[in-house]
Amino acid sequence: MALVNFVSVLIIACPCALGLATPTAIMVGTGRGAENGILIKGGESLETAHRIQTVVLDKTGTITEGKPAMTDVIVAPSSSVAEEELLHLAASAEAASEHPLGAAIVAGAKARGIEVARVTDFAAAPGHGIEATVDGRRVLIGSAKLLGDRGIDTGALDASAAELATDGKTPMFVALDGGFAGLIAVADRVKPESRDAVAALRKLESRS
């Protein structure tokens, strides 16, 4: 009887607290989360959040920047081209491409102060790479298979390509005038604040 009377008084005396405050708090909380890039499905998700035991993070765009960036330029031992010239030719060829990895090479070259030239005879091989003529030189950029199909041996840098791939980077092979010239690697880099965020999650785990 005492409990029934208590609930009756609470409902009659505090309808705003029960009917408005909680939904408003949930709405404001989920809205603030959205402003910070955190999407919450609803109030029920918040209610069950304290029982979470495992957090799974998607790499692309979550702990990484979600935008590819050029990371490495490696000239093949047998090539006579300098690193700057290799990047100039590759970036110029990729400037005519719409692929995000190509855009990363172009941006990386421009960041180093390297100008991009106009191209002719541009052709794309979907899923494999591109080919174009830059400053009178035939540039081929893509997978090892693409170059191998043209009879170009990339073995001199296969170990480097494997190491880059192990580090989460995408190596792209470059050939000039039918000869292997080098590698350019692109990666979706980890956000600077991701390390602190993961560390904070681990601290929460240790407290639970």
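I take contact to mean heavy atoms within 4.5 Å. The structure is a predicted model, in which I require pLDDT of at least 70 for local features and 80 or more for side-chain atom pairs, while totals for chains, interfaces and linings use all residues. I number residues from 1 along each chain as its sequence is written, and side-chain values use heavy atoms, with hydrogens and water left out.

I looked up T154 and found it in the loop between helix 7 (144–149) and helix 8 (158–166); helices here are DSSP runs of H or I with at least four residues, numbered from the N terminus. T154 counts as buried because its relative accessibility is 7%, and buried means under 20% relative accessible area, exposed over 50% and partly exposed in between (1.4 Å probe, protein chains only). Residues up to four places away in sequence aside, T154 touches A144, L147, F173 and F180.

I then turned to F173 and F180, which are both buried. The structure holds one aromatic pair, and F173 and F180 form it, 6.1 Å centre to centre with 35 degrees between the planes, a tilted arrangement. Rings of Phe, Tyr and Trp (its six-membered ring) pair if their centres lie within 6.5 Å; planes under 30 degrees apart are stacked, over 60 edge-to-face and the rest tilted.

**Entry on helices 5 and 6**

I examined helix 5 (residues 83–94) and helix 6 (residues 100–111), which pack at about 135 degrees with their axes 8 Å apart. That angle makes helix 5 oblique to helix 6; under 35 degrees is roughly parallel, over 145 roughly antiparallel, 65 to 115 roughly perpendicular and the rest oblique. Axes are lines fitted to C-alpha atoms over the stretch in contact, and angles run from 0 to 180 degrees between N-to-C directions.

I noted that L87, A90, A91 and E94 of helix 5 make the contact with G102, I105, V106 and A109 of helix 6. These residues divide into six nonpolar, one polar and one charged; Ala, Val, Leu, Ile, Met, Phe, Trp, Tyr, Cys and Pro count as nonpolar, Asp, Glu, Lys and Arg as charged, and the others, Gly among them, as polar.

I located T60 in helix 4 (residues 59–63), where T60 is partly exposed at 47% relative accessible area. Beyond its neighbours within four places in sequence, T60 is in contact with G66 and D188. The C-alpha atoms of T60 and R189 are separated by 9.1 Å, although 129 residues apart along the chain.

I placed A197 in helix 9 (residues 194–207) and recorded A197 as partly exposed, at 43%.

Notes. Helices (H or I, at least four residues) and strands (E, at least two) are DSSP runs, numbered from the N terminus.
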